[in-house]
Amino acid sequence: MTKIEQATGGLMAVTVNVHGASVELRAVNEERLVGRYAYGNYMPNGVDRLLRLFQALNVPATFFVPGREIERHPGLIREIRDAGHEIAANGYALEDHSALGDAEFEALKKAHGIMSDFLGEAPLGWRAPDGLMSMKTLGYLTQLGYLYDSSFQDDDFPYRLDDDGGVGMIEIPQNPTLIDQNLFSIKQPDARVLKNWKEEFEGLRSVGAFVCQTLHPRQDYGVGRAPRMIKLEEFLRHTQYSPQPVVFKTCADIAKTALAA
Amino acid sequence: MTSRWPQDARCVVNITVDFDGLSNETGKKLLPIGKYSHGRYSAKRGVPRFFELFERLGIKATFYVPGYDAECFPAAVRSIADAGHEIGAHGYLHEAYDLGEEEPFYLRKTHKILTDLLGASPVGWRNPGGGKSDLTIKVLRELGYIYDSSEKAADFPYFPVVAGQRLRDFVNLPDNTSSLDDAPFYRDSMTPPSEVCEQWKAEFDTAYAEGGYYDLIVHPRSGFGSGGPTRAKALENVILYIQRHPGVLFQRQVETARWCLQNPDLWPERTHPWSGRQ
């Protein structure tokens with residue numbers, strides 16, 4: 001095991017992509033956020049439930065927030081921060097960063113500015129909206145002072161991004177099975193999602209890996225509704241009653257741990 | 001039941017691994033980063049994990065490698081051959097689409113890349129994502145290939161018909177991408193690995209009962225593959241289950257192909273034990 005693997009094995013990041021109406025606003029304007037375009041409006045309900053659950057289980061989580069959601073729900077996002085969770089960047093309006101071309105750096109700076117002004121400090125982490133990025137993204141993030149990216153799905157442990165253009169940065173890789181959207185978007189019943197998560201967790205723990213879960217506070221492809229929240233609670237408790245319990249950390253803390261290793 | 005297999009085996013098992021690194025996404029004009037980074041897992045984690053697993057279980061496997069991945073990950077691909085596994089060709093950019101008249105060019109290109117890298121030519125080929133045409137076998141034979149593992153027409157090996165002639169120097173080792181391939185289960189239905197394991201055991205039970213052929217297809221990547229610890233464990237449990245049965249012969253596909261070519265009369269057009277029809 002490398003030093004980073006030793007330092008981050010057994011840590012778990014619980015991450016939330018705060019995707020409300022910014023998803024639907026890519027397709028329609030404000031007046032049309034009704035009917036089939038109303039799913040994103042559910043988001044605050046999901047965030048409320050997540051905050052209660054994380055408090056009950058003592059989970060420090062990382063919330064990736066698009067700039068547009070900060071503008072639409074400043075009170076809610078402040079509540080998340082005041083509960084002690086990390087707020088990290090996630091674009092402005094869920095742009096496709098693989099297609100922005102020369103406009104990408106400006107877009108990153110805009111979202112970075114909105115979030116920095118709101119928080120009173122610069123965010124340390126970034127996640128590509130929908131996981132889409134360009135070959136230049138990591139270099140831009142380095143220039144803006146980011147400590148980590150969390151957009152890839154290609155490793156069992158965090159790793160250094162120096163060879164990928166993110167000089168001095170850490171990647172906090174996501175686990176595809178532990179992304180709620182991947183399972184709920186193909187309409188898996190909640191019990192089957194929990195089964196998948198538990199099996200994946202046991203496999204990861206058997207090799208001492210790092211664990212990253214990705215959640216959405218939505219009702220369609222997210223974990224926002226109450227029955228799903230109960231399954232999430234069972235899963236998070238399972239990670240603690242395991243013979244090899246994980247330690248919850250924010251992504252920023254994990255990145256600092258990796259950089260110091 | 002009379003055996004058709006070497007050593008009077010009751011069932012032959014090929015474990016086949018489609019490397020599918022960056023070629024898969026690059027071939028679809030997607031940048032292999034962010035949510036399309038699953039192929040980066042192959043060389044970094046999946047292939048070493050499979051090596052360790054196969055060595056522990058005493059198995060030699062066949063790895064299908066796209067030419068582009070051999071260019072991107074030469075050390076990892078060389079290590080496959082060094083560990084005694086077979087390397088077959090699998091397209092250049094994992095072309096699941098129709099290449100038209102450019103197909104021979106890309107078949108030759110990948111053939112040269114793999115031959116130069118390994119110092120030996122591949123003799124087996126598997127279509128990437130179903131991409132194959134009426135030109136394919138013609139070109140593969142010119143390049144010295146002796147088998148193809150792409151067809152869905154049978155459960156047993158068989159000799160393909162090309163231009164009205166049934167070949168005797170080139171054999172099809174069928175690949176079942178419906179239920180013996182990890183990708184559909186882990187991509188389309190996200191089936192829990194424990195259930196995939198049970199499915200593959202049940203598939204083996206019928207192959208074993210028929211004195212048959214069992215070709216299990218896995219990918220070392222993240223995402224739809226089996227490279228991660230949970231799914232690699234499911235693969236291990238399947239292999240351990242198979243190994244508890246007497247008379248099972250694990251082979252690389254090249255050995256299975258050579259056996260079929262040396263014993264062509266054992267493989268009539270319709271080869272199911274209960275079928276007398278031709």
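Modeller: Start with a cut-off. A residue counts as buried if 20 or more other C-beta atoms lie within 10 Å of its own, as exposed if 12 or fewer do, and as partly exposed in between. Keep in mind that this is a predicted model.

Now take B:Arg78. This residue sits in helix H4 of chain B, residues 74-82. B:Arg78 has 15 other C-beta atoms within 10 Å, so it is partly exposed. B:Leu118 is 40 residues away in sequence, yet the two C-alpha atoms are 6.3 Å apart. Setting aside neighbours within four places in sequence, B:Arg78 is in contact with B:Leu117 and B:Leu118.

Move on to B:Asp20. This residue lies in the loop between S1 and helix H1 (23-27) of chain B. B:Asp20 has 30 C-beta neighbours inside 10 Å, so it counts as buried. Its backbone is worth a look too. Most residues other than glycine have a negative phi. B:Asp20 is not a glycine, yet its phi is positive, at about 40 degrees.

A:Leu94 has a positive phi, near 55 degrees, and is a residue other than glycine. A:Leu94 belongs to the loop between strand S3 (86-89) and helix H5 (104-119) of chain A. With 22 other C-beta atoms within 10 Å, A:Leu94 is buried.

Back to chain B and its strands. S1 covers residues 11-18 and pairs with S9(B) in the parallel sense, over six bridges. Within that pairing, B:Ile15 stands opposite B:Leu216.

Next, the helices of chain B. The axes of H8(B) and H9(B) come within 9 Å and cross at roughly 25 degrees. An angle under 35 degrees counts as roughly parallel, so H8(B) is roughly parallel to H9(B). Their crossing is right-handed. Residues of H8(B) in this contact include B:Cys197, B:Trp200 and B:Phe204, and those of H9(B) include B:Ala234, B:Val238 and B:Ile242. By class, the contact has nine nonpolar, three polar and two charged residues.

H2(A), residues 43-57, packs with H9(A), residues 226-241, at about 25 degrees, with axes 11 Å apart. These two helices are therefore roughly parallel as well. H2(A) passes H9(A) in a right-handed crossing. From H2(A), A:Arg49, A:Leu53 and A:Leu57 take part; from H9(A), A:Ala226, A:Met229, A:Leu232, A:Glu233 and A:Leu236 do. This contact has six nonpolar residues, two charged ones and no polar ones.

Last, the place where the chains meet. Here 20 residues of chain B are in contact with 29 residues of chain A. On the chain B side, H2 (40-57), H8 (193-209) and H9 (229-243) are the elements that give two or more residues. H2(B) gives the most, with four. The side of chain B that touches chain A has seven nonpolar, eight polar and five charged residues.

Key: Residues numbered from 1 in each chain as written. Chains lettered and ligands numbered in written order. Predicted model: local features only at pLDDT ≥ 70, side-chain atom pairs only at ≥ 80, totals over all residues. Pairing = 2+ DSSP bridges. Axes fitted to C-alpha atoms, helices over the stretch in contact; angles between N-to-C directions. Parallel < 35°, antiparallel > 145°, perpendicular 65-115°, else oblique. Left-handed = near helix turned anticlockwise from the far one by under 90°. Contact = placed C-beta atoms within 7 Å. Nonpolar A, V, L, I, M, F, W, Y, C, P; charged D, E, K, R; others polar.
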